[in-house]
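This briefing is meant to be read beside the sequence and the coordinates.

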Amino acid sequence: MHTLRNTLVWLRSDGRHFQIIAQISFLCYGVLLLGWDADWKNYLAIFSGVIVAQGLAIRFAGFPMDSLKSALITGLGLSLLMKANDPWLFLFAALLAIGMKFLTKVNGKHLWNPANFGIVAAAFLSGDAWISPGQWGSSALIIFIVGTAGLAVLSNIKRLETGLAFLITFAALEYIRTVLYLGWEHDVFLLKLTNGSLWLFSFFMITDPMTTPNHRKLRIGWAMIVGAISFYLANFYFVNGAPFWTLFFLTPFTPLLDRLSPRITSFMWKNESTTKKHIQHQSI
Amino acid sequence: MKNTLTTLAIAAALLICQHALAFCGFYVAKADASLFNNKSEVIMVRNGTRNVITMSSDFKGDLSEFAMVVPVPTVLAEKDIRVVERRIFDVLNAYSAPRLVNYYDNNPCGYDMRLYEDSYSMAVPAMAKEELVSKKLTTVKGVHIEAQYDIDEYNIIILSAKESDGLQIWLEANGYKVPETARQVLEPYVRSNMKFFLVKVNLDKVQNRNSEYLRPIQIRFDHAKFMLPLRLGMANSNGSQDMIVYALTTEGRVECTNYRTVKMPTDRNIPLYVEPKFGDFYKSLFEKSYKQEGRNAVFLEYAWNVSPYTAVKCDPCVGPPPVNYDFVEAGADWITQGNFHQTIFFTRLHVRYSRDKFPSDLQFQVTPNNENFQCRYVMTYPASGDDFTCDAGQEYLVDLYNRRKKEVDELAALTGWSSANGSAYIREYNKHLNPRMRENSRNEGIPATIAQRTYRPWIVVSIIFLAITTPALISRKSTKIFHAKIQP
C-alpha cells in the first residue's frame, strides 16, 4: 500500500510521466489494433536519435538527467505522427527535433514543439516524410482513451485550457460551417471531429508548456488563433493535417507574447510541492 | 492449364457480376426503374493541383433513361472533357487485381525438376443498354447553365445553382428524377460552390449500339481539393456499394485522409482446392476484412511504382503491365514521348461504403510513400512422382502435412470458411509415408498457427527498452549519480 502510494506520488510529481504512459499506449493501439506499418528500424532510429541527442546535451551542456523524459516524449510523438520512406529520415527528424531545443532557446523555452519541428523540417527538407491524418480512423473508443489520458496529463501540468481552447474553437467553427452553413448532417461534422490525430494534437502537442505563452489568458487566445487558422487552412485551402502546420508557424510568436507578461515565470516541469512531499514520504 | 485458366476466368466473372456498379454521382432515371449501382470504377490522376478523373459505370437499363449528375469544383471547358475507351479500365484492373500465385515443390528424391510459378488475376467488370430523349430545357431562376457540350455520344451540361431547391426544380423540370437521398445532399454541394456536371446519352451518336459498355467520361480540372463526392452516389443504391479507385500520381501512394487506409491481408498460403473458387475466396476475404475493420476503412489492394524507368512492373504479373500510352490515356499526361524519367505511381484502393459508415465524401492525399504492395495469395503444388522413399522425401512429406494444416487454418482465418473440407487435403500424401514416420507425424505434427497479425519484433524491442530505461533514467538517484560523475 505504501509502495503504491509512493508510486502515485512519484507519478504525479511530473506531468511527463502520464504523458509517456499515454503515448506508449497510443503507439501500442496503433500498431497492434489498427495494424499500422510498423518497422522496428524506424522506431529504433527515432529513439536512438532522441536519446543520443539529449544525452549529449546532458553530458556537455549540463542539462538535468530527467530531461531525458522530454526526449522520450518527443520520440514517442514522432513515432505516433511521422511517416517516412527511410529509417535515416526518422533519425534525421529525431536529431533535428532535439537539436532545435538547444539552438533556439529563449528564456528557458524553445521556439517550436520538438516533434512538430522534427516532422515539418523532415518533410520540408527531404520531401520524403509525411503525416497521415486518417491513420486513427474515428471510433468513439479512441476519443475516450485519448481524452481521458490527455486530461490526466493536463490536469497535472495545468495546461488543460490550451488544448480545450484550441479544440473548442476548431469544433465551433467546423460546426458553423459544416452543419449550419453547408447543411451537412451531424455525422459529417462528428466524423471530422472524431479524428484521432486532432485529439492527439489537442492534448499532446499544442499543450506543450515549453512552446505556449506563460500567461493564462494569452495562452487561451493563442490557442484559439491556432484553432481558427487550422480551420481556415483545412476548409479553404484543403491542407491536410492543418493544425500541425499552423502550430509550426505560430509557436515562434510565443516569446513575443511572453514579453507582454514578463512577471509570470516560465514553466517548470517538476511540481515542487509534490516533489517535497515525495521526499518526505521517502524519509518516513 | 488452359482449362484451369478458363475456370478461373469464369469464377472471377461470376464474382464481379454479382455486384452491379456505383458512382460518385447519382443516376437519375425518368421511370421508376430499379437502378442499382453497387460497384463503380474511377481513375484518379493527380499532379500538383491538376486532377484528371475518369468515371466508369455499369448502368444497367435503357440508355434513354441514362442520366448522371456529378458535382465538380469548377466549370469545365470542352477540351477538358473526353470520352475514353473502356479498355483502359480493363488494363488497369487486370494488372492490379488481387492475384493467385502457384509454386511447385521439387521432389527431393530427384524426379521432378519443375521450378516455376504462374499466376492468374481475378478481374472483369460489366455495363449497359440504350436510347435517348432530347427536349428543350426548362429554365429556373437561380440555376445557370454554365456550359453545354456535345461530346461524342454524350450531351453534357454544366450547371451552377444559387440554392438547392432551385436546382432540384430545374432537374425535375428537365426530366431528371432526383432520388430522395440525393435531394438531401444537393444543398451542401451548392453551398460549397460546386458545379454540377450532367450527362445524358445522345443515341444518334452511339457508335456501337449493341455495345455492353457505356464509354467512360474523363474530366480535367485544376483544384486543390482531392476528393471523390461519394454522397451523391449513395443515392439510389441499396445498402453498401463498392468502388475501385485507380490512382496515378507523380510522387507516391494515395491515401485517404478522413478514413483509415488499410492494407488487405497479403502473401498468405492457401490450399490448392481454393483455385477454382479464387473469386469467391477474395470476395469472402474482403467481406471479412471489411467487417473486421469496422466497415469504415478504405482498403489498399495495390501500390506500385510503374514509371517507365522501372524494370519490375509486378511480381508476378497477372496481366500485361500498362504501357505509356495507357497511362497517358488515363490522364497521366506528364509521361510524354521521350520523357521517360518521370515517375508514375499506381495505387489501387477498394472501398465498400454505406451511408451510415461513410457520411462524408472521400478525401485523399498524395504521400511520398513509394513502397510497393500487392494482394498475393500463394498456392504451392506438391512434388510430383510417387517415389518419396528416400529420407529427404519422407521429411518432405511430414513438412507437406504440416504446411497443409497451416494452409487450411489460414484459409479459415482469412475467409471464415469452415476448415472441415480440409482434412482429406491435409492427409492426401500421408499414404506415401512409411508407417514409422506416419506415427511420428501424428504425434509431433506441429500445431498449426495462424499468422493473422504478423509478429512484430520491434514491439518487444521497444517495450523492453522503455521498461528498462524509463524508470532508471528518471529516478532521482540515477540523476544524482550521473551528475556526481560528470561534475566531480
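**Domains, burial and helix packing**

In this predicted model, the domain assignment divides chain B into domain 1 (2–127 + 215–376), domain 2 (386–444) and domain 3 (457–486). The contact between domain 1 and domain 2 of chain B draws 14 residues from domain 1 and 19 residues from domain 2.

**The domain 1 side of the contact in chain B**

- On the side of domain 1 of chain B that touches domain 2, the elements giving two or more residues are β16 (268–269) and α6 (278–292) of chain B.
- The element that gives the most to this side of domain 1 is α6(B), with four residues.
- Sorted by class, this side of domain 1 of chain B has 10 nonpolar, two polar and two charged residues.

**A pair of helices in chain B**

- Helix α3 (residues 164–173) and helix α4 (residues 180–191) of chain B have axes that come within 8 Å and cross at roughly 125°, and α3(B) and α4(B) are therefore oblique to each other.
- The crossing of α3(B) and α4(B) is right-handed, and the contact is made by B:Ser164, B:Leu167 and B:Gln168 from α3(B) together with B:Arg183, B:Leu186, B:Glu187 and B:Val190 from α4(B).
- By class, three nonpolar, two polar and two charged residues make up the contact of α3(B) with α4(B).

**Chain A as a whole**

- Chain A has 14 helices and four strands, and of its 284 residues 47% are buried.
- Among the contacts in chain A with a separation of 6 or more, 76% are accounted for by residues 24 or more positions apart.

**A pair of helices in chain A**

- The axes of helix α5 (residues 87–103) and helix α6 (residues 114–126) of chain A come within 8 Å and cross at roughly 130°, which makes α5(A) oblique to α6(A).
- The crossing of α5(A) and α6(A) is right-handed; among the residues that make the contact are A:Leu89, A:Phe92 and A:Ala93 of α5(A), and A:Pro114, A:Ala115 and A:Phe117 of α6(A).
- By class, the contact of α5(A) with α6(A) has 14 nonpolar, two polar and one charged residues.

How values were computed. Residues are numbered from 1 along each chain as its sequence is written. Chains are lettered from A and ligands numbered from 1 in the order in which they are written. This is a predicted model: local features need pLDDT of at least 70, side-chain atom pairs count only at pLDDT 80 or more; totals for chains, interfaces and linings use all residues. Axes are lines fitted to C-alpha atoms, for helices over the stretch in contact, and angles run from 0 to 180 degrees between N-to-C directions. Angles under 35 degrees count as roughly parallel, over 145 as roughly antiparallel, 65 to 115 as roughly perpendicular and the rest as oblique. A crossing is left-handed if the near helix is turned anticlockwise from the far one by less than a right angle, and right-handed if clockwise. Two residues are in contact if their C-beta atoms, placed from the backbone, lie within 7 Å. Ala, Val, Leu, Ile, Met, Phe, Trp, Tyr, Cys and Pro count as nonpolar, Asp, Glu, Lys and Arg as charged, and the others, Gly among them, as polar. Domain bounds come from an automatic or database domain assignment. A residue is buried if 20 or more other C-beta atoms lie within 10 Å of its own, exposed if 12 or fewer, and partly exposed in between; C-beta atoms are placed from the backbone.
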